[in-house]
Amino acid sequence: MSTKNTHIPEWLTVPFAGITPAPSQEKGQDLFPTGNWRSIRPVYRDKLPPCNNACGTNEKIQGYLDLVKRGKYLDAYALIKEDMPFPSVTGRVCYHPCEQACNRGKYDEAISIRAVERFLGDLGQALTSDVVKPGKPNGKKVAVVGSGPAGHSAAYQLARLGYAVTIFEKSPKAGGLNRGGIPDWVLPQNILDREIERLEQLGIEIKTGVEVGKDITWDDLKKNYDACVLAVGLTEPNSVRAEGEDKEGVLYGLSFLRDIGMGTSKVKLGARVAVIGGGNTAIDCAREALRQGAAEVTMITVEGNTKEMPASPEDLHDMVEEGVELLHGRSVTAVLGNGKVEACQLHKARFSGAINASPITVDRDAPAERFVVDNVIIAIGQHASLNWLPAEFKNERGTIKMDKFGRLGDTNFFAAGDIAQVGSGQPLMVVNAVGDGKRVAFNLDKVMRGEKLQPRTIPVDVIFDLNRMNMTYFPHFPRVQQEMLPTEKRTKTQDEVIQAFTEEQAVEEANRCFSCGTCNACDNCYLVCPEPCIARPERSNGMYKILVDYCKGCRVCIEECPTGCLEGVPELDFDTGVVRMDTAFAISPGLHGRQAQELKNLGDRPAKNI
Amino acid sequence: MSYTELTVWTRGIIMDKEGRDIVNSISASARIEGKYAQAMENYVDNPDRTNCPTRKYCRVSDEVLENELTYENEHPNIVVLVEGTMVKGWDYMRGMPPGGTLVINTHYTPDYMIRFVPGPERLAQLVCVDAAKIADHKWLYYRLGELGLDRLSTEGAAERNKSIAPDIAAPLIAAVVKTTGIVKMKTIEPMIANKHAFEVALNELHIMSLNPVAV
């Protein structure tokens with residue numbers, strides 16, 4: 001059958017059943033949107049990775065690992081500096097809650113986040129000038145009391161916001177706990193010096209040798225400054241309340257470390273040392289004691305085993321490797337000796353509650369043990385010294401009375417760090433103090449600008465479940481281990497025990513990141529989409545866009561998203577995306593009605609001679 | 001004289017049988033009642049494509065159907081959307097005379113859905129029924145054996161399950177019949193396989209009255 005010379009009636013010149021106009025024809029474009037096939041729309045929605053959630057200062061860990069992976073080290077350093085003023089310090093001392101939370105830990109081994117942070121911190125140290133610049137001066141003066149982690153962090157953030165900040169430090173050198181509480185073989189002094197230098201480069205004035213309450217009073221602070229951050233820390237060591245604790249040879253953990261750190265230590269340790277306590281400071285004291293010439297170091301803890309100790313398991317492992325003995329489930333009830341320590345009297349003991357801050361129950365009926373030692377180092381925590389604080393801001397537990405934003409009443413005084421966090425259940429660690437300093441700085445800024453302080457109400461979706469990601473994309477890969485100083489060398493020097501990552505190691509480790517719930521521009525969605533429905537002007541988080549007129553909702557991109565960032569949202573939840581598509585075969589109303597008229601008339605016509 | 005057109009919009013393959021069951025059961029009931037009725041599928045939509053919009057038609061009249069050779073309903077009095085999202089997609093209201101009925105399978109309320117309806121002034125009522133929930137429907141392929149092979153693009157030819165409305169069609173039929181009275185309840189009820197869903201749906205309709213037309 002030939003259609004040559006066939007007359008095409010007017011009503012058949014428009015597209016009709018069975019004929020679809022090409023997109024180049026008139027109305028052809030209207031026919032091709034396929035968005036109305038969709039009942040689920042893919043949406044890019046970044047979730048919070050567990051590392052970021054667990055971090056005391058909410059560092060954007062996934063973000064900087066991703067940048068390290070791509071070789072953008074400076075960008076990564078700038079990103080980390082948003083939340084953390086001294087990555088070179090926390091890269092060495094942090095108890096890395098991020099690594100405990102890392103989803104990769106459930107899969108093979110957690111990512112060595114701290115080592116990458118240290119790599120970036122050291123990179124920042126090597127820069128001639130820092131990437132962070134002070135904010136535009138706003139003419140307001142803020143005093144920060146204490147230059148430890150919280151004070152350092154608060155001062156840093158306030159300087160970035162444009163405040164003129166003055167730090168008051170009691171000791172001859174700034175650094176607070178970073179200086180006095182952490183031994184040199186964990187954090188070399190020159191690293192901290194460089195970070196303090198960076199702080200001064202932001203225009204912050206640091207006045208050392210000024211003690212609040214003695215050299216400067218509450219009223220001075222109130223009169224001379226627009227606002228003040230109190231980050232004085234916990235300075236007074238807790239006592240074991242044992243008989244004879246005042247004997248010569250009994251030392252307290254933090255002051256023992258501080259004197260060594262400041263270079264003012266006159267302590268000469270005997271051959272046998274007992275360290276009382278089971279926390280990180282106690283571990284540092286025990287390891288420092290070995291380096292100070294002790295031959296036998298024993299750690300005496302109330303905790304029944306190593307698992308209950310509130311200490312980083314890695315440090316514990318290193319300590320045992322260096323030869324420190326552990327004695328669990330004992331409490332010191334008396335320090336024996338004639339003027340000088342000769343032995344400790346130990347009794348069996350345990351915590352009466354579930355947590356190791358609860359009161360200790362000592363079994364006095366059991367026979368006492370005599371433990372021969374030359375020195376005792378007590379490291380069972382500290383408490384605050386608040387003699388200088390007006391009584392109205394003290395509570396019955398001996399801590400500062402403040403609201404949940406760290407503000408003292410209606411004053412412009414804020415408290416940050418250990419002094420604010422003690423008793424809150426939060427571990428009193430460097431990174432938590434840094435986070436507290438950061439939050440307090442932002443709260444202070446809000447108060448100064450006259451804004452209302454409001455608790456954060458945005459729900460946070462943290463990815464804890466590996467099933468929310470596509471694990472087929474992640475082969476098992478072992479963690480890159482940081483090199484360690486050989487054990488036999490460690491006790492003789494103050495050299496750093498844990499060695500830094502090389503560039504290759506840092507990139508390899510960053511490559512292991514799952515990027516949980518956050519788009520890392522892997523381009524997978526762009527590649528797997530069966531239609532060209534995903535547009536990205538540039539390969540970067542936030543630049544991917546779904547062309548909703550054409551997306552059929554086949555879910556391939558959602559299923560194939562390795563990080564779980566793409567999710568399907570019911571199309572009806574959106575007011576937008578209405579594609580009133582005419583069906584391909586009757587693009588104008590009544591078309592088939594006219595055809596029907598023709599069909600009705602068929603009977604009246606003579607058969608066509610085809 | 002009464003003449004009613006019913007158009008069902010459904011999704012190719014995955015909900016093809018649901019749409020077919022609605023038009024077939026209603027036209028069969030009408031014929032039992034002595035009316036002239038017709039039901040057909042629209043092949044021009046290429047219903048062998050998964051998820052594609054597909055139409056099913058039904059006409060019920062007291063007199064002989066004049067337009068029985070026309071394969072498209074021009075003036076549907078009743079429109080059923082078997083899948084709720086279709087409300088955003090097409091001009092399914094095209095040609096509807098005033099006083100029409102729109103039935104949507106959705107868990108949203110008519111208040112929410114009315115915003116998506118083009119030309120709602122023609123509607124006498126908007127009916128929302130959560131048919132998927134009432135019939136415990138899973139929009140997945142793993143129930144293939146149970147529901148019949150029509151999910152494999154055979155348009156019913158290789159169907160294992162010959163029953164009518166075993167699934168989400170039952171609540172939708174209940175919604176159509178109860179709100180429009182196109183056929184009598186007692187004629188259609190014996191045909192429905194999923195009787196439980198049919199009965200539950202009768203009490204779980206969300207009806208929004210709009211612009212009734214005086215008879």
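Me: What hand is the crossing where α14(A) passes α15(A)?

Reply: Left-handed. Keep in mind that this is a predicted model.

Me: What angle do helices α14 and α15 of chain A pack at, and how far apart are the axes?

Reply: The angle is about 25 degrees and the axes are 10 Å apart. Helix α14(A) covers residues 280-291, and α15(A) covers residues 313-321. Angles under 35 degrees count as roughly parallel, so α14(A) and α15(A) are roughly parallel to each other.

Me: Which residues of α14(A) and α15(A) meet?

Reply: From α14(A) there are Asn280(A), Ile283(A), Ala286(A) and Arg287(A). They meet Asp315(A), Leu316(A) and Met319(A) of α15(A). As background, an α-helix has 3.6 residues a turn, so residues three or four places apart point the same way.

Me: Staying in chain A, how many residues does α17 have, and what does it reach end to end?

Reply: Helix α17(A), residues 430-448, has 19 residues. From its first C-alpha to its last it reaches 27 Å, close to the 27 Å expected at 1.5 Å a residue.

Me: How many of the residues of α17(A) are buried?

Reply: 15 of the 19 are buried, so α17(A) is largely enclosed by the rest of the structure.

Me: What comes just after α17(A)?

Reply: Gly450(A), which takes a positive phi of about 80 degrees.

Me: Which residues have a positive phi although they are not glycine?

Reply: Arg555(A) is one of them, at about 70 degrees. Ala165(B) is another, at about 55 degrees.

Me: Where are Arg555(A) and Ala165(B) found?

Reply: Arg555(A) is in the loop between β19 (545-546) and α21 (556-560) of chain A. Ala165(B) is in the loop between α4 (144-147) and α5 (169-180) of chain B.

Me: Buried or partly exposed?

Reply: Arg555(A) counts as partly exposed, with 14 C-beta neighbours inside 10 Å. Ala165(B) is buried, with 27 other C-beta atoms within 10 Å. The cut-off for buried is 20 or more.

Me: Back to chain A. How do β11 and β12 pair?

Reply: Strand β11(A), residues 330-336, and strand β12(A), residues 343-351, pair in the antiparallel sense over six bridges. Leu336(A) stands opposite Ala343(A) in β12(A).

Me: What do β11(A) and β12(A) form, and what is in the turn?

Reply: They form a hairpin with six residues between the strands. Gly337(A) in the turn has a positive phi of about 145 degrees.

Me: How do β13 and β14 of chain A pair with β12(A)?

Reply: Both pairings are antiparallel. Strand β14(A), residues 369-372, pairs with β12(A) over four bridges, and Leu346(A) has Glu369(A) as its bridge partner there. Strand β13(A), residues 360-362, pairs with β12(A) over three bridges, with Phe351(A) bridged to Ile360(A).

Me: Now chain B. What is the strand order in the open sheet?

Reply: There are seven strands, in the order β2-β3-β1-β4-β5-β6-β7 (chain B), and the pairing is mixed. Strands β2(B), residues 36-41, and β7(B), residues 206-209, stand at the edges with a single partner strand each, so one side of each is left without a neighbour in the sheet. From one strand to the next the twist averages 15 degrees.

Me: Which helix packs on the sheet, and what does it touch?

Reply: Helix α1(B), residues 16-32, touches β1 (3-11), β2, β3 (53-61) and β4 of chain B. The direction of α1(B) makes about 5 degrees with that of β3(B).

Me: Which residues of β2(B) are on the covered face, and which on the uncovered one?

Reply: Ala37(B), Ala39(B) and Glu41(B) are on the covered face. Tyr36(B), Gln38(B) and Met40(B) are on the uncovered one. In a regular strand the side chains alternate between the two faces of the sheet.

Me: In what sense does β2(B) pair with β3(B)?

Reply: Antiparallel, over six bridges. The bridge partner of Ala39(B) in β3(B) is Cys58(B).

Me: And in what way do β4(B) and β5(B) run?

Reply: Parallel, with four bridges joining β4(B), residues 78-81, to β5(B), residues 100-105. Val80(B) stands opposite Val103(B) in β5(B).

How values were computed:
Residues are numbered from 1 along each chain as its sequence is written. Chains are lettered from A and ligands numbered from 1 in the order in which they are written. Two strands pair if DSSP finds at least two bridges between them. Helices (H or I, at least four residues) and strands (E, at least two) are DSSP runs, numbered from the N terminus. Axes are lines fitted to C-alpha atoms, for helices over the stretch in contact, and angles run from 0 to 180 degrees between N-to-C directions. Two residues are in contact if their C-beta atoms, placed from the backbone, lie within 7 Å. The expected span of a helix is 1.5 Å times one less than its number of residues. A residue is buried if 20 or more other C-beta atoms lie within 10 Å of its own, exposed if 12 or fewer, and partly exposed in between; C-beta atoms are placed from the backbone. Angles under 35 degrees count as roughly parallel, over 145 as roughly antiparallel, 65 to 115 as roughly perpendicular and the rest as oblique. A crossing is left-handed if the near helix is turned anticlockwise from the far one by less than a right angle, and right-handed if clockwise.
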